[in-house]
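Let's take a friendly walk through this protein together. Have a look at the fold as a whole before turning to single residues.

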Amino acid sequence: MTNSLASLDDAEVAVAAVRAGAEVVRARYGRRLTRIDKGLGDFATDADVAAEGAILGVIRAARPEDAVHGEEGGQQGAADAVRQWWVDPLCGTLNYAVGNMLVAVNVALRNGPAAVADPFSGEVFFTDGETAWVRRDGGDTQLVPTAATQLVDVNLDPPFPSAPGFRAVDLLAHPGFVERFRPRVVSTTLALAWVAAGKRAAYVTDGGDLTESVHFAAGIALCQAAGCVVTGVDGAPLGQAGRGLVVASDAETHGLLLSMIRGRGQGL
């Protein structure tokens, strides 16, 4: 098993890792879960921990020298390592804990391949760093973003570091938003994969620099490889001074959302 994993390229390692995590998430769904308090209303479950263990088992077998940062286990290896993996074993823990299937399993290699698994649809969205695909029923289809659905996911979860200049709830109240788009709140970064796949027109969230976040790194990589327009909420490129995300299927949608944000913001 170890030798077969070691022979995979990085994209296939990411796919194998998210599949391992997704299998655990799917198997434990609906069972009694043990909650692990993280403070400030946040928590993990024993399913998060077990899924991360399964993911790390794949990465360790395939790339034993690489550094890894897991949502539950923290940093293993040098944080500034060139080969650093970010692992979010269950994005949407609250959804999962209350019996909602809208969750994602995220794995990303710094400046490289990434994968996002939907444990319940069986879809795996992945990129080699240049092109993005979805794998379902044993076949791969290249991802093609489109704004046709007019559905925009907006993350309303705290914290709100850009307030009062930007508040996601203000965007939902913008008259132009309700004329053009339809809001959705799925509360998981599966929504980023959906933008890359054309299931959503855009995704908006507040925050700081999310490029090296275990929650967002895989989705950002997917969207960039698929050809989406990806910036901060202020329209600036992503980076250390970044502020959240506006990820859109095309330039027109991105421009409309930025104009609405700037129209209601105070100094964005």
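This is a predicted model: local features need pLDDT of at least 70, side-chain atom pairs count only at pLDDT 80 or more; totals for chains, interfaces and linings use all residues.

Two residues are in contact here when they have heavy atoms within 4.5 Å of each other. Setting aside its neighbours within four places in sequence, aspartate 118 is in contact with Val103, Glu123 and Leu190. The residue is found in the loop between β7 (114-117) and β8 (124-127), and it is buried, with a relative accessible area of 9%. Glycine 165 is 47 residues away from aspartate 118 along the chain, and the C-alpha atoms of the two are separated by 34 Å.

Now for the whole molecule. The protein has nine helices and 15 strands. Its C-alpha atoms fill a box of roughly 55 × 40 × 35 Å along the principal axes. How does the radius of gyration fit with a compact globule? For 268 residues such a globule would have a value near 18 Å, and the protein has 18 Å, which agrees. Buried residues account for 51% of the 268 residues. Of the contacts between residues at least 6 apart in sequence, 61% join residues at least 24 apart.

Next come the aromatic rings. A search of the whole structure finds five aromatic pairs. One of them joins tyrosine 29 and tyrosine 96: the ring centres are 5.8 Å apart and the planes meet at 55°, so the pair is tilted. Tyrosine 29 lies in the loop between α2 (10-28) and β1 (35-39), while tyrosine 96 belongs to helix α4 (residues 93-97), so this pair ties together parts that are 67 residues apart in sequence. Tyrosine 29 counts as partly exposed at 24% relative accessibility, whereas tyrosine 96 counts as buried at 3%.

Tyrosine 203 and phenylalanine 216 form another tilted pair, 6.5 Å centre to centre with 50° between the planes. Because tyrosine 203 lies in strand β13 (residues 202-205) and phenylalanine 216 in the loop between β13 and α8 (217-226), the pair ties together parts that are 13 residues apart in sequence. Both of these residues are buried. Ring pairs also link Tyr29, Tyr96 and Phe120 into a cluster.

Among the buried ones are Ile220, Leu222 and Cys223. Glycine 227, with a positive phi near 100°, follows α8.

Finally, some backbone details deserve a look.

Asparagine 111 sits in the loop between β6 (104-109) and β7, and aspartate 137 in the loop between β9 (132-136) and β10 (139-142).

One joins proline 158 and proline 159, with omega about 5°, and another runs from alanine 163 to proline 164, with omega near 5°. Proline 159 lies in the loop between β11 (151-154) and α5 (168-173), and proline 164 has its place in the loop between β11 and α5 too.

Conventions
Residues are numbered from 1 along each chain as its sequence is written. Side-chain values use heavy atoms; hydrogens and water are left out. Helices (H or I, at least four residues) and strands (E, at least two) are DSSP runs, numbered from the N terminus. The radius of gyration is taken over C-alpha atoms; the globule rule is 2.2 Å times the number of residues to the power 0.38. Buried means under 20% relative accessible area, exposed over 50%, partly exposed in between (1.4 Å probe, protein chains only). Rings of Phe, Tyr and Trp (its six-membered ring) pair if their centres lie within 6.5 Å; planes under 30 degrees apart count as stacked, over 60 as edge-to-face and the rest as tilted.
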